[in-house]
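Hi,

Here is the structure I promised to pass on. Have a look at it first, and then read my notes below.

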Amino acid sequence: MDDAVTLIRPAVQTEHFDVLIVGAGISGVGSAYHLATQCPGTSFAVLEVQDGFGGTWRTHRYPGIRSDSDLHTFGYRFKPWTGVPIATAGEILRYMGEVIEENGLARHIRYRHRIRSARWSSRDALWTIDATRTDTGEELRFTANFLWMCQGYYRHEEGYTPHWDGMETYKGRIVHPQTWPEDLDYTGKTVLVIGSGATAATVVPAMAPDAAHVTMLQRSPTYFRSGRNAIELAEQLRQLQVDETWIHEIVRRRILYDQAVFTQRTFEEPETVRKELIDAVRALLGEEYDVETHFTPKYRPWQQRLAFVPDGDLFQGIRSGKASVVTDEIERFTEKGILLRSGNELEADIIVTATGFNLCVMGDIRFAIDGKPLNFADTVTYRGMMFTGVPNLAWVFGYFRASWTLRADLVADFVCRLLHHMQEKGVRKVEVALRPQDKDMKLLPWIDEQNFNPGYMKRGMDLLPKRGDKPEWAHTQDYWNEKDAFPATNLDDPAFVYS
Ligand SMILES: Cc1cc2nc3c(=O)[nH]c(=O)nc-3n(C[C@H](O)[C@H](O)[C@H](O)COP(=O)(O)OP(=O)(O)OC[C@H]3O[C@@H](n4cnc5c(N)ncnc54)[C@H](O)[C@@H]3O)c2cc1C
């Protein structure tokens, strides 16, 4: 009987696309737009495991969730941003929804599709992708000539929570911002937020008005920048009734110019920049506040992402007495809260672990090349977007110091140019390979830790591809270099092997 059932079960149907985009976050939707407009006639689909678009902006639902970079540059190059620069997740989703609608992208996106494996066959010059429908459990198979990986860099299902002694004895509720419970009522409760990155800086002022008190517990301080949530130049141009398309472009150029100057200064005069940042915080908190202990970081400005605090809301929360900062280390959890190394105990009804992400390389998809399992850590990256030994595939890994999306736009231009080039050459396969002059090149970690060192990167660096020390094999995380280098790339350089 079982055999009969097996025999009559329909074979997995295979659907073919020229390009398959993985993920419908800001990168995947942008890549779909570029592909549709720069390579018309290319068949493609976007496969997304969630039940809607947005990625980060859909899965994060903690109070106050917002961007920490401006939306003129976090927004796409091609679609003007007309709101305030620091935007809520809701506003970002609305903007992305407009991009999908205005460009007829909805028909290309398949939601509730979890890609489990991707296998490259050199004989067929094709990727075979197996996916599971999360709603029906149906197994689906796709083939594609090119895989455009827009799956982000961290695991959406679960955030990173370190283990501390005694956690199981704590009687209150422990919550990670990435999996915020819909039913969490913190009205009148004492809340303890562990961490002091952008997420903690958002959640603390957002919870403070309703909670009895919110304490931000940090091991070490973070740099923050603060200012009005507005861009004066944009306001002036609007007053002059300048077209929004122009405003978007002009404001982007202004922001990028200012960021270039600022970044340069963090390298050339780190001490001066450091003092400016700390003095600005002191001005917001008052002379009597212990800025030395709580807001004077040990690292160089820009070594970690610099969070922007719109309208100084975090500092207002502290000044109002509804929020406070404790800089200490956790000894262990207790029934009522957390015992610190100093011997003090912090009691709390709710503990929020704003302790970061779990790095996830390539969306937890099992890759194989001609039957051999692929470990991306064994590959060398071509400019942080293609990988040696991995044909017909590109990864969008955006910027950290500048807005992520700036790089998504640049990589998209590159991929579209590469697809055109392959068509002109009449080839089906492109692979990057080390050239004879690269054979003895020193291989380095994916990102320079001296340059940028957030915890999730350090924890997962050994899972990521390597980079080299020549421009072709570098991963600079430098928008100002890549904006010129990517379009100037010679696609007939021997680093590209076509067949
Ligand atoms: C709270 C928060 C705030 C941030 N703020 C900023 C900011 O202000 N500025 C900035 O530049 N950066 C910010 N970042 C970084 C941010 O993640 C990126 O900027 C950007 O949103 C990433 O977009 P993405 O589309 O590349 O990836 P994601 O947003 O991670 O989207 C990837 C999508 O791929 C899907 N996917 C993954 N694996 C699979 C699979 N196997 N099968 C099918 N689908 C899959 C996921 O479900 C997801 O929808 C922030 C990050 C967080 C967490």
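Predicted model: local features only at pLDDT ≥ 70, side-chain atom pairs only at ≥ 80, totals over all residues.

Asp311 sits in the loop that runs between strand E11 (307-310) and helix H11 (313-320); helices (H or I, at least four residues) and strands (E, at least two) are DSSP runs, numbered from the N terminus. Although Asp311 is not a glycine, its phi is positive, about 55°. It counts as partly exposed because it has 15 C-beta neighbours inside 10 Å. The cut-offs there: a residue is buried if 20 or more other C-beta atoms lie within 10 Å of its own, exposed if 12 or fewer, and partly exposed in between, with C-beta atoms placed from the backbone.

Residues are numbered from 1 along each chain as its sequence is written.

Ala125 is another non-glycine residue with a positive phi, near 50°. You'll find Ala125 in the loop between strand E4 (113-121) and strand E5 (126-133). Ala125 has 15 C-beta neighbours inside 10 Å, so it counts as partly exposed.

Now the overall layout. The protein splits into domain 1 (14-156 + 360-498) and domain 2 (174-353), with bounds that come from an automatic or database domain assignment. Their centres, taken over C-alpha atoms, are 29 Å apart. Domain 1 puts 25 residues into the contact and domain 2 puts in 30 residues; two residues are in contact if their C-beta atoms, placed from the backbone, lie within 7 Å. On the side of domain 1 that touches domain 2, there are 13 nonpolar, seven polar and five charged residues. For those classes, Ala, Val, Leu, Ile, Met, Phe, Trp, Tyr, Cys and Pro count as nonpolar, Asp, Glu, Lys and Arg as charged, and the others, Gly among them, as polar.

On to the helices. H12 (residues 404-425) has 22 residues and spans 32 Å from first C-alpha to last, close to the 32 Å expected at 1.5 Å a residue; the expected span is 1.5 Å times one less than the number of residues. Its buried residues include Trp404, Leu410, Phe414 and Leu419. They pack against helix H2 (26-38), helix H4 (71-74), strand E6 (139-149), strand E21 (393-395) and helix H14 (479-488). Just after H12, Gly426 takes a positive phi of about 70°.

H2 has 13 residues and reaches 18 Å between its end C-alpha atoms, close to the 18 Å expected. Ten of the 13 residues of H2 are buried, so this helix is largely enclosed by the rest of the structure. Among the elements covering them are strand E1 (14-22), helix H5 (89-102) and H12.

What about the cores? The largest nonpolar core has 78 residues, and Leu20, Leu147, Trp148 and Met149 have the most contacts inside it. (A nonpolar core is a set of buried Ala, Val, Leu, Ile, Met, Phe, Trp, Tyr and Cys residues joined through C-beta atoms within 7 Å.) H12 gives the most to this core, with nine residues. Leaving aside neighbours within four places in sequence, the contacts of Leu147 include Leu20, Val22 and Trp127. Another core, of 39 residues, lies apart from it, with Tyr62, Val203, Val273 and Leu285 among its members.

Then there's the ligand. It is surrounded by 33 residues, the closest being Gly23, Gly25, Gly55, Gly152 and Gly363; a residue counts as near if its C-beta atom, placed from the backbone, lies within 6 Å of the molecule. This shell divides into eleven nonpolar, 18 polar and four charged residues. H2 and E4 each supply at least two residues of it.

Ala323 lies in strand E12 (residues 323-327) and counts as buried because it has 24 C-beta neighbours inside 10 Å. Ala323 and Val191 are 132 residues apart along the chain, yet 9.4 Å separates their C-alpha atoms. Asp210 is in the loop between helix H6 (198-207) and strand E9 (213-218). Asp210 and Lys322 are 112 residues apart in sequence and 9.2 Å apart in space, C-alpha to C-alpha.

Cheers
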